[in-house]
Amino acid sequence: MVTKGGYRDTIIGGVVVLVALVLLVLVYAKEDGPKSKADAGYLLNARFKRADGIMVGSKVRVSGVTVGKVVEQRLGPDFRAELALRIAPNVQLTADTAAAIQTDGLLGAKYIELKPGGDDTMLKPGQEISFTQDAMVLEELVDMIIQQALSSHGVSEAFLDALDNLARKPSWWRDVLLRDDVF
């Protein structure tokens with residue numbers, strides 16, 4: 001049955017469905033391109049005490065330029081995070097290269113930043129990056145800043161203990177008033 005608009009409505013509907021399918025394919029397409037390109041390069045290993053926010057597929061950068069990605073993540077026998085990094089074949093790193101877990105902006109994605117040193121020898125495929133810096137956990141950083149600010153402003157431990165008692169004891173007011181060393 002042909003409606004008032006004729007076949008125009010059918011054609012527009014078909015175009016909308018086709019565009020939706022193309023967008024769906026683009027959303028789920030891999031960012032790395034062909035499989036052979038993703039497998040190019042050599043592997044290096046790095047061990048961290050904490051690898052919070054790093055996962056398989058996280059970027060590896062040198063001076064802000066992406067040169068590889070994390071291809072494997074496992075827990076070592078000493079309960080340290082062991083990461084396998086695939087590095088582009090044209091990037092040669094010195095033996096004293098350091099690896100640090102960084103964040104894009106304040107709340108961005110985590111990545112591994114490689115900082116080459118000045119050694120003459122180069123890392124060979126399969127070797128381990130010896131110098132690593134773990135991820136900084138945002139909550140720990142905020143707590144450290146608060147503690148530093150309190151100590152620089154002369155807030156005593158007794159006052160902090162009294163504040164802690166406020167939350168734990170129903171008769172907090174009596175305890176605070178009876179302590180001579182609070183204020």
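**Fold, sheet and a lined pocket**

The protein chain comes to five helices and eight strands, where helices are DSSP runs of H or I with at least four residues, strands are E runs of at least two, and numbering starts at the N terminus. This is a predicted model, so local features need pLDDT of at least 70 and side-chain atom pairs count only at pLDDT 80 or more, while totals for chains, interfaces and linings use all residues. Residues are numbered from 1 along each chain as its sequence is written, and side-chain values use heavy atoms, with hydrogens and water left out.

Read from the N terminus, the elements go α-α-β-β-β-β-β-β-β-β-α-α-α. Of the chain's 183 residues, 23% count as buried, meaning under 20% relative accessible area with a 1.4 Å probe and protein chains only.

Now to the sheet. Eight strands make up an open sheet with mixed pairing, in the order β7-β1-β4-β3-β2-β6-β5-β8; two strands pair if DSSP finds at least two bridges between them. At the edges sit β7 (128-129) and β8 (131-133), each pairing on one side only. Strands β1 (residues 42-48) and β4 (residues 81-87) are antiparallel, paired over seven bridges, and L43 stands opposite R86 in β4.

Strand β5 has two partners to look at. With β6 (residues 110-115) it runs antiparallel, joined by six bridges, and Q102 has Y111 in β6 as its bridge partner. With β8, β5 runs parallel through three bridges, and here A98 faces F131 in β8.

Y111 turns up again in a side-chain contact: R61 lies over the face of its ring, 4.2 Å from the ring centre. A charge sits over a ring if NZ of Lys or CZ of Arg is within 6 Å of the ring centre and within 35 degrees of the ring normal.

Strand β5 also matters for the second largest pocket, giving the most to its lining with three residues. A pocket here is an open set of points on a 1 Å grid over the protein atoms alone, where a 1.4 Å probe fits, with protein on both sides within 12 Å along at least five of seven lines; lining residues have an atom within 4 Å of a point. The volume is about 250 Å³, taken as the space filled by probe spheres set on the points. Of the 15 lining residues, T103, K110, M136, V137 and L138 lie nearest the centre. Both β5 (98-103) and α3 (138-152) supply at least two lining residues. The lining divides into eight nonpolar, four polar and three charged residues, with Asp, Glu, Lys and Arg as charged, Ala, Val, Leu, Ile, Met, Phe, Trp, Tyr, Cys and Pro as nonpolar, and the others, Gly among them, as polar.

Definitions and conventions
Buried < 20%, exposed > 50% of the residue type's maximum accessible area, 1.4 Å probe, protein only.
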